[in-house]
Every structure is written in structure tokens, then in C-alpha cells.
Amino acid sequence: MKKSLIILSLALVAACTSKQVALQDRLIVHDAEINAIIAQMSLEEKVEMLHSKTNMSSEGVPRLGIQDIKYADGPFGIREEGVPNGFQSAGWVTDSATYFPTGSALAATWSKELAYKYGTGMGTEARKRGKDVILGPAINIQRLPVGGRTYEYFSEDPVLTAALAVDYTKGVQDAGTAACVKHFALNNQEMNRGSVNVICNERTMREIYLKAFEAAVKEGGAMAIMPAYNKVGGFYCSENEHLLNEILRGEWGFKGLTVSDWGGTHSTMGAALHGLDVQMTGDTYLGPALIDSVKAGKVPESVVDDKVREILRVRYAVEAIPADKCNLATASQPESRATAYEVATKSVVLLKNNGNILPISKDVKKIAVIGRNAVALTQSGGMGAGVKSVYEVTPLEGLRKKAPAGVEITYAPAYKDYLGMFARWRGPEYLAQHPEIAAEIDEPADPDMLAEALAVAKDADLVIYFFGTNKSIETEGSDRIDIKLPLDQERICAEIAAVNPNIVGVMISGGPCELTEINKYASALVQGWWNGLEGGNALADILYGNIAPSGKLPFTFPVKLEDSPAYALDNYPQKAEVEGDLFGNQYRQDIQGQKKRPMGPTRYPATAYYSEGSLVGYRWFDTKQVPVMYAFGHGLSYVDFEYANIQTKKKKDLIEVSFNLTNKGTMDAEEVAQLYVHRVDATVEWPVKELKAFDRISLKAGETKKVTLTLPVSELRYWDESINDWNLEHGTIDILVGSASDDIRMTTNIAI
């Protein structure tokens, strides 16, 4: 095997030097040897590779010295070691990892370079843990503001999502680990995710929901894909011929393995014939039943051979780490922690800054930090991805650590914690023993806690009010009911403003919340995210003015939830009821402390109609002229940027847009320049504008740089359902360049 890996490495180098060899073709350079191995295997040995061995591994070929494939949960940190057949902690002391900022925070950097460094850090730490495949990145489009996994995903925009997905994937795989891109496809809600049937036209699916997956496969070279739990067009994604065989393998040329989400396999014949390689977990379908199907002539053994070949391609591309060479020390690396800090600093979004209340003035000597989110840990919680971090600097710790000499900081929690179902499952006795935990999400403020907060606020020069959600509110397996702030946080802010109007509001959340009321009272608003193990230090550096804020929103903050497209068109929530979540019901003994039980019945058909088409996020709000609270791409700085002298140059297949960008301030800063297009006199239906290119530019105080954004003409195509292929509409397009989707600074046009 070691000799084979050396040969493969040389072949990969040769492949990389040839522009004619696609990234996916790097996986097939050793097919001759793999075919020889398959020829030596019994049917039983082959099928043994097609399902889980443990909760986080699948079988190799022991007789031939080929090691198991070991999976690591991601996507923002290598999950702690679990027991072989469950999710409970194995109790190791060497499985702590770097907690990176979550997906929405990474997306707020709008930085492909940071996505690559992030992926490299993840891949490196996975290797130290002996893991072969990272279950990430998670790149589904954020269609719903309430989405339970918004914090894991990148953006409502396919261009931004695709760019980050490509470099994250490259980073992971350049570090020697395979990336398993998930959840393929159209997994845009958590409610009823195990049964919902998504109805989406082909054009919308191709242009919005599949774009990032296509890029991750073709440009990122992704070695593994995880089909989603839901159905698309009536078929589960784990046995969806159109998605897995026609598009993924047929059109995109994917050569790697597909592995089901945990519990996401539903049949033997469907999975076997329509594109699934590995069932996780158990062998109910791709186990003895598959052997019987082959022997009965229902499934050709060549289909099994194809699956084994795809698995072995990944096994040969990723070096197996011997047990005595991994888990020797904590996997977290200084370089990874430095990347986590850099991502955190560049993700913080300054939403509002009336009166330039930020950065904190040197005249401020007494700061009141109010709100439980200032001290809450975000590395784990809820149901789903989490990290056993080597440490986590909270916002309060960061503010105290970075405070200038002579600054006094006091703290009051102001509101209770809320654990939702994770508290209810423990019973009423648990709540009785923990008065700091709220029984309901809309529980009024505790009078004593409010009085303490007001006393602290009244005596301060400045109040920093921390509010938002937590990982029990935004969690895998369920969507939020709404985007209102929980735990009476709005009234608490109003009460604080009555005794001290000097308020900086900092929201700690994974996704958007309704900010109308908070906006009335806070002079500045900051989006702080779930920002990794260095999040507190990064936030403090922004608030104190050591670093200028440069994050940009990767999704729209609506004025109210009902303004967003799926709600406005009554496409969500669906009128369906399912008893529990597919994953939760099957693995509840591990993650919920309850007994395992089968999936409950669907009382009504759960069907998600994507009738808004391509008008997702800002496309909807701009096209329908619906006001928003904060727009896609929005983010202020402590300096002003000037855009000037826009020019375009058209080559055969490329448009270059150049302009001058000047930092007009007195401190170094970074700006994310964004290029949108608008079709003039189009005959094909389009949103009023679409993001097509962007770049993060670093400028010293007073510096001017010439910036060039490139736009391939191919990115202007649309999926033409009449010919079932990409097509280009000729005509004039407006080029719109600016600082946000609602802050366009320069416009020009060009003929296509």
C-alpha cells in the first residue's frame, strides 16, 4: 500500500502539471491496480465496504492490507472521539481541537484565501487524529432566515458560497485529508428534513442550489459527497438518479465516493442502482440484503464493483495513518489557532455606528458588559456539529484581557439561559434545580436580574449589550419558529437605554434576527457570530479599535420574517407534521439521553415548493423592492473608502473591470469590493441584480490601489430548460460595483 501511495503521489504531481487533466481525474490514475484488487475480492468482502463498520468508519479490505476509511465530523472543528458505536464521548484527553469560526462567520470574511487556510487547518488536524475524510464543508444555500443550520452554511448567494467551498475543499485536501462536501442537494430546511420533498425547477436548481457543489467538484476536486436527507423531485437524495448519476457523475465527472448522511439510506435497490456507495450507519440496505439482490440477479455485481472502485480511489488518494502514529498529542496547532483568530477578526460586521461611538473612546473608563451571551460558550451545544475546543475566549474575557490601562469592566447576565428541548428532556426537576435556565424562549426578564443589569448600566460610561441566540435555539434537526430575539432581550435593551443611552449592541448568533427594536436603542450594532476559540480576542480588538472592522453580511437581515420569499409566498413552513427528526430519533440515545425510536409517521405530505425560483435572499428583496434591515454584503468600517475611475476591458471569454479604491481614513483597513450585474432589456427572466465577482483588498491609511475584478462570460449564462443546457443571452449588461448590494458606487455597461 505504501508503495502504491508513492506511485500515486508521483502521478498526482504529473497530473497537476497538465492543464488537460481535470482535478477529478487525479482519482483515477491508479485504477488498474484498484481493478486488480477488486478481482481478488469476494462479493461478501466488497459489500462489507459499502456500509459502516463503526459509527465513524467503513471497512477496508483486511485480507489485502487495505485500511478502513475513518470519518471526522466537521465542518468547523474536528469532533472529539466517540465510542465505536455511538456519539457519546470516548473520554480521551488528546482529542481536543481548534474551534474555528462557524460557516456563516467564515462567509462574512468574503475571503477565498482565508477559506483555504481554514480548510488547511482542518485537514491538518484531521491527519493528526488519523482521520481520512472530513464531513464538510456544509455548503447549502441559506434559503430561510430561520434555518437551523444557517450557522454551518455559508451564504444565500451561490457565487460567494462556491468561491469559499472551492478553497475550503482545496485546503482540506492539500493537507492530505479528503473533503466530503454536504448536503447534496437542496437541504435548505431542518424541519421535516428526513421526509420533505423539494420541488424546484431545473434552472433554479442549477443556477442557485447546485452551483457551489459543481464548483467544489470541478474546481476544488472534492473526493467525497454526502447526499442530503430530503427528497428532490420525489426521490431521496441518497438514491436520486438525476442528482447522483446523471449530474454528479455524468455531467461533472465526479470520480470519488458518496456516503449517506447518518440514517439517510432508505432502500437496497434504490441506493444500489442510483448512486450511493456507503451506507451510514448500519448494514440494513447495503449489507446482506444487497448480497441477496446480487445473487438473485436484481443488482449486477458490476454495480458493486463500481462502488468499491470509487471507495478505493479515495483510500489510495489519502494516506492511512497507523494507529501508533496518530493521537499522540492534542491535534490543535498554533497555525490553526492563528487562522481562527484571523477569520474571527475579518468576520465581525459593523452594522451601524451612529456618532462614531466605535471604536471605544479613550475617555471611556467604565464599561458595563451586559448579557449572558458575553460569557456563553459556543463550541458545542444543541444537536449537531460541535468541537471539544482546546480553549474558548469569551467576549467578556477578551474585553477584559485587551482593555487599556485604567478601564474598569463590570458584568451582569441580565437574562436567563435557554436550552429548549435539551432542558425539557431532563424533566421539570432539572429546571427547578437550575433557576438560571428559562423554561420558555419568550420568558419575561427576571426582575432581580434586570435590576442588577440596570444598576451596572447606570454607573457606566458605556454599555456593551450582548444579545442574540445560542446553539440550543439555532440547532440541527429543527428550524427556528421565528427570528425574534428570545428571553425578553428587546425590553431589557429598552430598560437599559432609559438609564444609559450610550449602548453598543453586539449580537452573538449564527443567523439573522429581527433588529427593529434593538436598532432604536443601540448607537452601534455589531454582528459577532459564533466566532471560534479566539472570538473574544478578535471582537475586543475590533471594539477597542486595534483593528478596523471589515466583515460583510453573507445574507440579508429582513425587517421582518414575513418579508422573506418563502414566507411571502406561503412556501414555508409546510403544513406537515412528523414525529421528531430522522437523525434525532435514530441516535437520540447518544445525543438526547433518550431511548432510540423509529421515525414517526408523516401526517400530511411534506412538500417544499421553491416557487420563488432564483429570487433567493437579496435577489428577492431587490427585485420586489422590499425594504430590508441590513442588506446582503453590508458592513461598515472605521474608515471611508472611495471608488473611482471604473473601466472595462472585454477579451474573448473574459470581462475585466478595473477601478481605483482609496482608503480615506487614518488607519489601515480592508474593504470587500463587490461586482453585480443587471441585464438591460433582457428577454429571459432575471433578478434585478446578481453578484458575479468580489475581492477583499487591504489598504494602508490614505493608500490608493487599482483593483481588477474578472468576470468570465460563462458566468453570465443561464440554464435553458428548452435545450437542457447552458445558454448565453446576448445584449447589454450593467456592471455595478460597490460596497454592498444596496451601496453601489459606480456603474458602467458592456455588450455581450
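Buried means under 20% relative accessible area, exposed means over 50%, and partly exposed is anything in between (1.4 Å probe, protein chains only). The views below come from a predicted model, in which local features need pLDDT of at least 70, side-chain atom pairs count only at pLDDT 80 or more, and totals for chains, interfaces and linings use all residues. Residues are numbered from 1 along each chain as its sequence is written, and side-chain values use heavy atoms, with hydrogens and water left out.

**View A. Asparagine 327 and alanine 323 sit in the loop between helix H12 (301-317) and helix H13 (334-347).** Helices (H or I, at least four residues) and strands (E, at least two) are DSSP runs, numbered from the N terminus. Asparagine 327 is buried because its relative accessible area is 18%. Its phi is positive, near 55°, in a residue other than glycine. Alanine 323, by contrast, counts as exposed at 64% relative accessibility. The C-alpha atom of alanine 323 is 9.2 Å from that of arginine 129, although 194 residues separate the two along the chain.

View B. Most residues other than glycine have a negative phi, and most peptide bonds are trans. Tryptophan 110 has a positive phi of about 50° without being a glycine. You'll find tryptophan 110 in the loop between helix H4 (103-109) and helix H5 (112-128), and it is buried, at 1% relative accessibility. Glycine 136 and proline 137 are joined by a cis peptide bond, with omega about 10°; proline 137 lies in the loop between strand S4 (133-135) and helix H6 (158-174). Another cis bond runs from phenylalanine 184 to alanine 185, with omega near 10°. Alanine 185 belongs to the loop between strand S5 (178-184) and strand S6 (197-199).

View C. With a relative accessible area of 3%, arginine 206 is buried. Its side chain makes a polar contact with the side chain of glutamate 251 at 2.6 Å. (A polar contact is a pair of N or O atoms within 3.5 Å; within protein, one must be able to donate a hydrogen and the other to accept it, and residues adjacent in sequence count only if both atoms are side-chain atoms.) Leaving out residues up to four places away in sequence, arginine 206 touches Lys211, His242, Ile247, Glu251, Trp719 and Trp726, where contact means heavy atoms within 4.5 Å.

**View D. Strand S17 (residues 503-508) is mostly covered, with 6 of its 6 residues buried.** Ile503, Gly505 and Met507 are buried on one side, and Val504, Val506 and Ile508 on the other. Strand S17 pairs in the parallel sense with strand S16 (residues 462-468) over 6 bridges, and with strand S18 (residues 524-527) over 4 bridges. Two strands pair if DSSP finds at least two bridges between them. Methionine 507 is the bridge partner of phenylalanine 467, and it stands opposite glutamine 527 in S18.

**View E. An open sheet of 3 strands runs in the order S22-S23-S26, with antiparallel pairing.** Strand S22 (641-650) and strand S26 (704-712) are the edge strands, each pairing on one side only. S22 is joined to strand S23 (residues 654-663) by 8 bridges, and threonine 648 has valine 657 in S23 as its bridge partner.
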